[in-house]
Amino acid sequence: MRNLLNIFSIFLAFSVCVSCGEKVSTDEDPLSPQEKPTEKPSEKPSEPSLNILFIGNSFTMDAVTHLPGMLDAAGIKGVHMIHMYYGGRLVQQYNSGWKTSSDYQAYECEPGKKTWAVTTGKTLEQVASSRKWDIVTIQEHTGSKFAWTWDATERAHFKQLVKKIKDTQTKSPKIYYILSQAYQDNAQIGSGSTSSITWTDHKGMWDVISAFGQKVMADVEFDGIISTGAMLENLRTTSLNNDLGLTRDGYHMDNGIARYGASCVVFETLISPVYDIHLDDNSFRFNESGPGTTPVTDENASIALEAAVNAIESPYTITDMSSR
(Lines give C-alpha, C1' and ligand atoms only; values in the text may rest on other atoms or scores of the structure.)
Protein backbone atom coordinates (compact mmCIF):
# COMPACT_ATOMS: atom_id res chain seq x y z
CA MET A 1 0.00 0.00 0.00
CA ARG A 2 2.81 2.37 0.88
CA ASN A 3 4.43 1.71 -2.51
CA LEU A 4 1.20 2.47 -4.26
CA LEU A 5 0.88 5.75 -2.37
CA ASN A 6 4.45 6.74 -3.33
CA ILE A 7 3.82 6.00 -6.96
CA PHE A 8 0.57 7.98 -6.82
CA SER A 9 2.38 10.97 -5.20
CA ILE A 10 5.08 11.04 -7.90
CA PHE A 11 2.46 10.86 -10.64
CA LEU A 12 0.46 13.70 -9.04
CA ALA A 13 3.57 15.94 -8.76
CA PHE A 14 4.46 15.31 -12.35
CA SER A 15 0.94 16.19 -13.51
CA VAL A 16 0.98 19.44 -11.51
CA CYS A 17 4.33 20.45 -13.09
CA VAL A 18 3.09 19.80 -16.59
CA SER A 19 -0.19 21.63 -15.99
CA CYS A 20 1.75 24.63 -14.66
CA GLY A 21 3.82 24.77 -17.82
CA GLU A 22 7.09 23.85 -16.13
CA LYS A 23 9.59 21.84 -18.14
CA VAL A 24 10.75 18.58 -16.70
CA SER A 25 14.40 18.15 -17.53
CA THR A 26 15.94 14.79 -18.24
CA ASP A 27 19.48 13.63 -18.80
CA GLU A 28 18.56 12.84 -22.42
CA ASP A 29 17.18 16.29 -23.34
CA PRO A 30 18.50 16.84 -26.94
CA LEU A 31 17.91 20.57 -26.64
CA SER A 32 20.18 21.21 -23.70
CA PRO A 33 22.28 24.40 -24.12
CA GLN A 34 25.51 22.43 -24.19
CA GLU A 35 24.36 20.46 -27.22
CA LYS A 36 22.54 23.17 -29.22
CA PRO A 37 24.27 24.01 -32.51
CA THR A 38 25.55 27.59 -32.65
CA GLU A 39 24.26 29.71 -35.55
CA LYS A 40 26.88 31.14 -37.89
CA PRO A 41 26.59 34.86 -38.51
CA SER A 42 25.36 35.66 -42.01
CA GLU A 43 28.18 36.58 -44.34
CA LYS A 44 27.90 39.69 -46.52
CA PRO A 45 28.15 38.71 -50.20
CA SER A 46 31.35 39.88 -51.83
CA GLU A 47 31.19 42.71 -54.36
CA PRO A 48 31.26 41.50 -57.96
CA SER A 49 34.44 42.22 -59.89
CA LEU A 50 34.55 43.73 -63.37
CA ASN A 51 37.54 43.93 -65.73
CA ILE A 52 37.28 46.39 -68.62
CA LEU A 53 39.78 46.97 -71.45
CA PHE A 54 39.35 50.12 -73.55
CA ILE A 55 41.13 50.21 -76.93
CA GLY A 56 41.15 53.67 -78.46
CA ASN A 57 42.69 57.08 -78.99
CA SER A 58 42.09 60.48 -77.43
CA PHE A 59 38.34 60.27 -78.06
CA THR A 60 38.22 57.19 -75.84
CA MET A 61 40.20 59.15 -73.26
CA ASP A 62 37.42 61.75 -73.40
CA ALA A 63 34.96 58.98 -72.58
CA VAL A 64 36.77 57.38 -69.63
CA THR A 65 38.65 60.20 -67.84
CA HIS A 66 36.05 60.78 -65.12
CA LEU A 67 35.14 57.12 -64.50
CA PRO A 68 37.46 56.66 -61.45
CA GLY A 69 35.85 59.61 -59.67
CA MET A 70 32.36 58.34 -60.42
CA LEU A 71 33.21 54.84 -59.21
CA ASP A 72 34.70 56.18 -55.99
CA ALA A 73 31.66 58.36 -55.29
CA ALA A 74 29.41 55.35 -55.96
CA GLY A 75 31.35 53.24 -53.45
CA ILE A 76 32.23 50.66 -56.10
CA LYS A 77 35.60 49.03 -55.37
CA GLY A 78 35.62 46.04 -57.73
CA VAL A 79 36.29 47.56 -61.17
CA HIS A 80 39.70 47.17 -62.86
CA MET A 81 40.19 49.24 -66.02
CA ILE A 82 42.97 49.64 -68.59
CA HIS A 83 42.85 52.06 -71.51
CA MET A 84 45.33 51.26 -74.29
CA TYR A 85 45.86 54.73 -75.76
CA TYR A 86 47.62 56.11 -78.79
CA GLY A 87 46.55 59.47 -80.19
CA GLY A 88 44.93 59.47 -83.63
CA ARG A 89 45.22 55.72 -84.16
CA LEU A 90 42.71 53.88 -86.35
CA VAL A 91 41.08 50.46 -86.00
CA GLN A 92 43.17 49.22 -88.93
CA GLN A 93 46.29 50.24 -86.98
CA TYR A 94 45.10 48.53 -83.79
CA ASN A 95 44.67 45.43 -85.92
CA SER A 96 47.87 45.51 -87.98
CA GLY A 97 50.01 46.38 -84.95
CA TRP A 98 48.36 43.88 -82.60
CA LYS A 99 51.58 41.99 -81.84
CA THR A 100 54.20 44.59 -82.74
CA SER A 101 53.16 48.09 -81.67
CA SER A 102 54.40 48.74 -78.13
CA ASP A 103 54.15 52.54 -78.26
CA TYR A 104 50.84 52.67 -76.39
CA GLN A 105 50.31 54.44 -73.11
CA ALA A 106 48.48 52.00 -70.87
CA TYR A 107 46.32 54.00 -68.49
CA GLU A 108 45.32 51.75 -65.60
CA CYS A 109 42.86 52.27 -62.77
CA GLU A 110 43.10 49.48 -60.22
CA PRO A 111 40.09 48.56 -58.07
CA GLY A 112 39.39 51.22 -55.46
CA LYS A 113 41.73 53.83 -56.96
CA LYS A 114 40.55 57.36 -57.72
CA THR A 115 42.88 58.16 -60.62
CA TRP A 116 44.51 56.67 -63.71
CA ALA A 117 48.18 55.62 -63.62
CA VAL A 118 50.23 55.23 -66.82
CA THR A 119 52.77 52.66 -67.99
CA THR A 120 54.31 52.08 -71.41
CA GLY A 121 55.94 49.40 -73.53
CA LYS A 122 53.06 46.92 -73.88
CA THR A 123 51.37 45.66 -77.03
CA LEU A 124 47.65 45.10 -77.38
CA GLU A 125 48.22 41.36 -77.50
CA GLN A 126 50.19 41.41 -74.24
CA VAL A 127 47.57 43.41 -72.38
CA ALA A 128 44.62 41.51 -73.83
CA SER A 129 46.28 38.22 -72.82
CA SER A 130 47.18 39.43 -69.33
CA ARG A 131 43.86 38.69 -67.66
CA LYS A 132 40.26 37.63 -68.08
CA TRP A 133 38.35 40.59 -69.49
CA ASP A 134 34.63 40.90 -68.91
CA ILE A 135 34.27 43.80 -71.34
CA VAL A 136 36.41 45.19 -74.17
CA THR A 137 35.61 48.37 -76.12
CA ILE A 138 36.89 49.48 -79.53
CA GLN A 139 36.63 53.01 -80.94
CA GLU A 140 37.35 54.34 -84.42
CA HIS A 141 38.93 57.76 -85.03
CA THR A 142 35.99 59.81 -86.34
CA GLY A 143 38.26 62.56 -87.69
CA SER A 144 39.52 60.27 -90.42
CA LYS A 145 38.00 59.46 -93.82
CA PHE A 146 38.22 55.80 -92.82
CA ALA A 147 35.39 56.42 -90.35
CA TRP A 148 33.16 58.00 -92.98
CA THR A 149 32.85 55.15 -95.49
CA TRP A 150 32.14 51.55 -94.52
CA ASP A 151 33.80 49.25 -97.03
CA ALA A 152 35.23 45.72 -97.25
CA THR A 153 38.65 46.79 -95.99
CA GLU A 154 37.31 48.53 -92.91
CA ARG A 155 34.97 45.63 -92.22
CA ALA A 156 37.85 43.15 -92.38
CA HIS A 157 39.97 45.13 -89.90
CA PHE A 158 37.09 45.34 -87.43
CA LYS A 159 36.29 41.64 -87.68
CA GLN A 160 39.93 40.58 -87.40
CA LEU A 161 40.48 42.78 -84.34
CA VAL A 162 37.41 41.37 -82.60
CA LYS A 163 38.61 37.83 -83.34
CA LYS A 164 42.09 38.55 -81.98
CA ILE A 165 40.59 39.84 -78.74
CA LYS A 166 38.38 36.77 -78.35
CA ASP A 167 41.27 34.41 -79.13
CA THR A 168 43.13 35.65 -76.03
CA GLN A 169 40.25 34.64 -73.76
CA THR A 170 38.91 31.29 -72.60
CA LYS A 171 35.47 32.86 -72.32
CA SER A 172 34.48 35.55 -74.80
CA PRO A 173 34.11 38.99 -73.22
CA LYS A 174 31.33 41.35 -74.19
CA ILE A 175 32.65 43.71 -76.84
CA TYR A 176 31.27 47.22 -77.36
CA TYR A 177 31.79 49.85 -80.05
CA ILE A 178 32.31 53.45 -78.93
CA LEU A 179 30.80 55.87 -81.43
CA SER A 180 32.58 59.12 -80.70
CA GLN A 181 32.16 62.76 -81.57
CA ALA A 182 31.67 65.00 -84.56
CA TYR A 183 34.06 67.95 -84.87
CA GLN A 184 32.91 71.47 -84.12
CA ASP A 185 35.65 72.86 -86.38
CA ASN A 186 36.34 71.20 -89.74
CA ALA A 187 39.73 72.91 -89.86
CA GLN A 188 40.92 70.45 -87.19
CA ILE A 189 40.48 67.49 -89.53
CA GLY A 190 43.77 66.19 -90.88
CA SER A 191 44.83 67.18 -94.40
CA GLY A 192 44.74 63.56 -95.56
CA SER A 193 40.98 63.46 -95.09
CA THR A 194 39.82 66.98 -95.97
CA SER A 195 39.07 66.10 -99.59
CA SER A 196 36.44 63.64 -98.35
CA ILE A 197 34.49 66.20 -96.30
CA THR A 198 30.90 66.49 -97.53
CA TRP A 199 29.39 68.60 -94.73
CA THR A 200 29.57 72.15 -93.43
CA ASP A 201 28.87 71.80 -89.69
CA HIS A 202 29.01 69.31 -86.82
CA LYS A 203 25.47 68.12 -87.45
CA GLY A 204 26.36 67.16 -91.02
CA MET A 205 29.45 65.32 -89.77
CA TRP A 206 27.34 63.55 -87.16
CA ASP A 207 25.01 62.26 -89.88
CA VAL A 208 27.99 60.69 -91.67
CA ILE A 209 29.64 59.03 -88.66
CA SER A 210 26.26 57.95 -87.26
CA ALA A 211 25.48 56.14 -90.54
CA PHE A 212 28.95 54.55 -90.36
CA GLY A 213 28.26 53.40 -86.79
CA GLN A 214 25.02 51.73 -87.79
CA LYS A 215 26.83 49.75 -90.49
CA VAL A 216 29.51 48.73 -88.01
CA MET A 217 26.88 47.40 -85.64
CA ALA A 218 25.05 45.57 -88.43
CA ASP A 219 28.13 43.80 -89.80
CA VAL A 220 30.37 43.14 -86.78
CA GLU A 221 29.59 40.99 -83.73
CA PHE A 222 29.46 43.73 -81.12
CA ASP A 223 27.38 43.26 -77.98
CA GLY A 224 26.39 46.90 -77.81
CA ILE A 225 27.19 50.51 -78.67
CA ILE A 226 28.36 53.38 -76.45
CA SER A 227 27.40 56.55 -78.27
CA THR A 228 29.40 59.32 -76.62
CA GLY A 229 29.01 61.23 -79.88
CA ALA A 230 25.22 61.31 -79.56
CA MET A 231 25.63 62.50 -75.97
CA LEU A 232 27.72 65.46 -77.15
CA GLU A 233 25.23 66.34 -79.89
CA ASN A 234 22.41 66.19 -77.33
CA LEU A 235 24.37 68.43 -74.96
CA ARG A 236 24.96 70.91 -77.79
CA THR A 237 21.19 71.51 -77.98
CA THR A 238 21.10 72.73 -74.35
CA SER A 239 21.83 76.04 -72.67
CA LEU A 240 25.30 74.72 -71.81
CA ASN A 241 26.52 74.93 -75.41
CA ASN A 242 29.22 77.49 -76.21
CA ASP A 243 31.26 78.86 -79.11
CA LEU A 244 33.56 75.83 -79.06
CA GLY A 245 30.63 73.40 -79.21
CA LEU A 246 31.57 72.06 -75.78
CA THR A 247 35.05 71.11 -76.96
CA ARG A 248 38.41 72.36 -75.72
CA ASP A 249 39.97 72.82 -79.15
CA GLY A 250 37.31 72.34 -81.81
CA TYR A 251 37.21 68.55 -81.67
CA HIS A 252 38.22 67.05 -78.29
CA MET A 253 35.52 67.21 -75.63
CA ASP A 254 35.39 69.97 -73.03
CA ASN A 255 37.49 68.76 -70.09
CA GLY A 256 34.60 69.22 -67.69
CA ILE A 257 30.95 68.85 -68.58
CA ALA A 258 31.34 67.10 -71.98
CA ARG A 259 33.81 64.51 -70.68
CA TYR A 260 31.55 64.06 -67.66
CA GLY A 261 28.59 63.34 -69.94
CA ALA A 262 30.66 60.89 -71.98
CA SER A 263 31.70 59.02 -68.84
CA CYS A 264 28.03 58.92 -67.83
CA VAL A 265 27.26 57.00 -71.04
CA VAL A 266 30.05 54.50 -70.31
CA PHE A 267 29.08 54.09 -66.64
CA GLU A 268 25.37 53.62 -67.28
CA THR A 269 26.02 51.18 -70.16
CA LEU A 270 28.77 48.99 -68.68
CA ILE A 271 28.81 49.40 -64.89
CA SER A 272 25.20 50.06 -63.83
CA PRO A 273 23.90 46.68 -65.10
CA VAL A 274 26.50 44.81 -63.01
CA TYR A 275 26.16 46.74 -59.75
CA ASP A 276 22.58 48.05 -60.07
CA ILE A 277 23.89 51.52 -59.23
CA HIS A 278 23.05 54.57 -61.32
CA LEU A 279 24.40 58.12 -61.39
CA ASP A 280 21.29 60.04 -60.36
CA ASP A 281 22.64 60.71 -56.88
CA ASN A 282 26.36 60.36 -57.64
CA SER A 283 28.31 63.12 -55.88
CA PHE A 284 31.36 63.25 -58.15
CA ARG A 285 32.00 66.73 -59.54
CA PHE A 286 34.82 68.20 -61.63
CA ASN A 287 35.36 71.69 -60.27
CA GLU A 288 38.24 72.90 -62.45
CA SER A 289 37.62 75.78 -64.85
CA GLY A 290 39.46 77.58 -67.63
CA PRO A 291 39.64 77.61 -71.42
CA GLY A 292 37.89 74.52 -72.78
CA THR A 293 36.81 73.45 -69.30
CA THR A 294 33.26 73.89 -68.01
CA PRO A 295 33.08 72.93 -64.30
CA VAL A 296 30.66 70.15 -63.40
CA THR A 297 28.18 71.49 -60.83
CA ASP A 298 25.08 70.21 -59.07
CA GLU A 299 23.05 72.25 -61.55
CA ASN A 300 24.55 71.08 -64.84
CA ALA A 301 25.48 67.48 -63.90
CA SER A 302 21.85 66.41 -64.28
CA ILE A 303 21.73 67.93 -67.77
CA ALA A 304 24.79 65.95 -68.85
CA LEU A 305 23.34 62.77 -67.35
CA GLU A 306 20.07 63.35 -69.22
CA ALA A 307 22.03 63.83 -72.46
CA ALA A 308 23.79 60.52 -71.72
CA VAL A 309 20.59 58.62 -71.01
CA ASN A 310 19.08 59.95 -74.23
CA ALA A 311 22.18 58.80 -76.12
CA ILE A 312 21.80 55.31 -74.68
CA GLU A 313 18.17 55.20 -75.77
CA SER A 314 18.83 56.78 -79.20
CA PRO A 315 22.50 56.26 -80.11
CA TYR A 316 22.29 57.40 -83.72
CA THR A 317 20.05 60.46 -83.51
CA ILE A 318 20.16 63.87 -81.85
CA THR A 319 17.67 64.38 -79.01
CA ASP A 320 16.43 67.97 -78.73
CA MET A 321 17.10 69.18 -75.18
CA SER A 322 16.63 72.89 -75.85
CA SER A 323 14.43 73.21 -72.76
CA ARG A 324 17.43 72.42 -70.53
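Mentor: First, the accessibility words: buried means under 20% relative accessible area, exposed means over 50%, and partly exposed is in between, with a 1.4 Å probe and protein chains only. This is a predicted model, so local features need pLDDT of at least 70 and side-chain atom pairs count only at pLDDT 80 or more, while totals for chains, interfaces and linings use all residues. Residues are numbered from 1 along each chain as its sequence is written, and side-chain values use heavy atoms, leaving out hydrogens and water.

The chain's mean pLDDT (the predictor's confidence in each residue, from 0 to 100) is 89, and 86% of residues reach 70 or more. Watch residues 7–36, though, where pLDDT stays under 50.

Now the pairs. Call it a salt bridge when a side-chain nitrogen of Lys or Arg is within 4 Å of a carboxyl oxygen of Asp or Glu; that rule gives 12 of them. Take glutamate 125 and lysine 99, whose side chains meet at 2.7 Å, N to O. Glutamate 125 sits in helix α5 (124–128), lysine 99 in the loop between α4 (91–96) and β3, so this pair links distant parts of the chain, 26 residues apart. (Helices are DSSP runs of H or I, at least four residues, and strands runs of E, at least two, numbered from the N terminus.) Lysine 99 is exposed, at 57%, whereas glutamate 125 is partly exposed, at 25%.

Aspartate 134 and lysine 132 form another, at 2.6 Å, N to O. Both ends are in the in-between class: aspartate 134 is partly exposed at 21%, and lysine 132 is partly exposed at 47%.

Then there's aspartate 219 with arginine 155, at 3.2 Å, N to O. Aspartate 219 belongs to α7 and arginine 155 to α6 (152–167), so the pair ties together parts 64 residues apart in sequence. Relative accessibility is 28% for aspartate 219, which makes this residue partly exposed; arginine 155 is partly exposed too, at 27%.

Seven strands form an open, mixed sheet, ordered β4-β3-β2-β1-β5-β6-β7, where pairing takes at least two DSSP bridges between two strands. β4 (117–120) and β7 (224–226) stand at the edges with a single partner strand each, so one side of each has no neighbour in the sheet.

Terms used
Contact = heavy atoms within 4.5 Å.
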